[in-house]
Amino acid sequence: MKCKRCRNAAAAVDLPSHHSAFCPDCFFVFFRRQVEEGIRKFSLFDSRDRVLVCVSGGKDSLVLWDILMELGYETEGLYIDLGIDGYSDRSREKVLAFAGAREKEPIVVDLRREGVPIPEAARKSRKEECSVCGTVKRYFFNRVAASRGFPVVATGHNLDDETARLLGNLLHWHREHLERQHPLLPESGEGLVRKVKPLWRVSELETAAYGFLKGIDYVTEECPMSEDATSLVYKEALSLIEEKMPGTRSKFYQGFLRGNGKPHEGGRGKGTGRNEAEGREEPVHCSVCGAPTYAETCAFCRLKEMVGKGAAR
Ligand code: SF4
Ligand code: ZN
């Protein structure tokens, strides 16, 4: 099959959802345009913004960092070493190799050094690993962005991730989560940085194809803490529908975004890790670290204290 764009070279990537098939060079053009349109559509950031890109060592985040550099944005990578034996070391290696090849040095936060490696923090706080991981990541996204002057933090969530999340939120009618689901979560005066998902228009397959054709080496294993089997079920269900009706994922998400209007303000809310039990209306500064919080002590510092004490409260 010939490339549908240049009609010259052999097609390497077949994209039924776009009624297209592209050779590698034309696929790069297509992919760049999709990401550019995703950024432009909701004004995620512009060329004056320094973007902090959260990289895990996996395909999506490294592709995100690569394409943002390629599009000429000023970026730095943030790698949070979760302190998971073996997996974290292999992920860190991939991030360092990727960055080194581009004469970059990622900012590294080492959770072992911070006293909260995820497996231990989960065990001692008697919480789920992914919930602890979410609290810790949100904390460092804000802290690193604030201390180093980044106005925006970008993560590598793609169309498959966002539609799986949307389906889950709809099936369970998580209205508060639905309100907050958007490629742009604006900053708030409470010291919370703007968070964006520039890959929201591209599918997992397209991201993987871009990574492969660009020769990006990433960690292929899943995080061993991953137990979120439900999101995989939603992804599989959507893949089945997509196979029969190409383009459904994109229509599903774009239709939702059209109906959902403007992005929800980046203030307090469920799922942000900021709706602390104390019920304050206005945020205050954490009595330990100074981060914005609705409790006297922020969720991160409370977690750290629990880990330090070595027992659940
Ligand atoms: Fe963190 Fe859970 Fe994701 Fe692992 S699977 S990186 S623990 S959120
Ligand atoms: Zn704190």
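Modeller: I241 is partly exposed, with a relative accessible area of 35%; buried means under 20%, exposed over 50%, and partly exposed in between, with a 1.4 Å probe and protein chains only. This is a predicted model in which local features need pLDDT of at least 70 and side-chain atom pairs count only at pLDDT 80 or more, while totals for chains, interfaces and linings use all residues. Residues are numbered from 1 along each chain as its sequence is written, chains are lettered from A and ligands numbered from 1 in the order in which they are written, and side-chain values use heavy atoms, with hydrogens and water left out.

Together with L240 and M245, I241 makes a nonpolar surface patch of about 290 Å². Patch members have over 30% relative accessible area and no salt bridge; nonpolar side chains (Val, Leu, Ile, Met, Phe, Trp, Tyr) are joined within 5 Å, like charges within 9 Å. The areas come from the Shrake-Rupley method with a 1.4 Å probe, and for residues only the protein chains shown count as cover.

Charged contacts come next. The structure holds 24 salt bridges, each a side-chain nitrogen of Lys or Arg within 4 Å of a carboxyl oxygen of Asp or Glu. One of them joins D49 and R194 at 3.5 Å, N to O. D49 sits in the loop between helix 1 (24-41) and strand 3 (50-54) and R194 in strand 8 (residues 194-196), so the pair ties together parts that are 145 residues apart in sequence. Both D49 and R194 are buried.

D81 and R92 meet in a salt bridge of 3.0 Å, N to O. This pair links distant parts of the chain, with D81 in strand 4 (residues 74-81) and R92 in helix 3 (residues 87-101), 11 residues apart. D81 is buried at 1% relative accessible area, whereas R92, at 22%, is partly exposed.

The salt bridge of K124 and E120 is 2.7 Å, N to O. These two are four residues apart in helix 4 (residues 118-125), which means a separation of about one helical turn. K124 is partly exposed at 22%, and E120 is partly exposed at 26%. Elsewhere, salt bridges that share partners join R32, D66, E70, R102 and K214 into one network.

For aromatic rings, Phe, Tyr and Trp (its six-membered ring) pair if their centres lie within 6.5 Å; planes under 30 degrees apart are stacked, over 60 edge-to-face, the rest tilted. By this rule there are 13 aromatic pairs. F140 and F300 form an edge-to-face pair, 5.2 Å centre to centre with 80 degrees between the planes. F140 belongs to helix 5 (residues 129-148) and F300 to helix 11 (residues 299-309), so the pair ties together parts that are 160 residues apart in sequence. F140 is buried at 1%, and F300 is buried at 2%. Y253 and F256 are stacked, 6.2 Å centre to centre and 20 degrees between the planes. Ring pairs also link F22, F27, F28, F30, F31 and Y210 into a cluster.

Finally, the residues around ligand 1 are L82, C130, C133, K137, C223, M225 and S226, each with a heavy atom within 4 Å of it.
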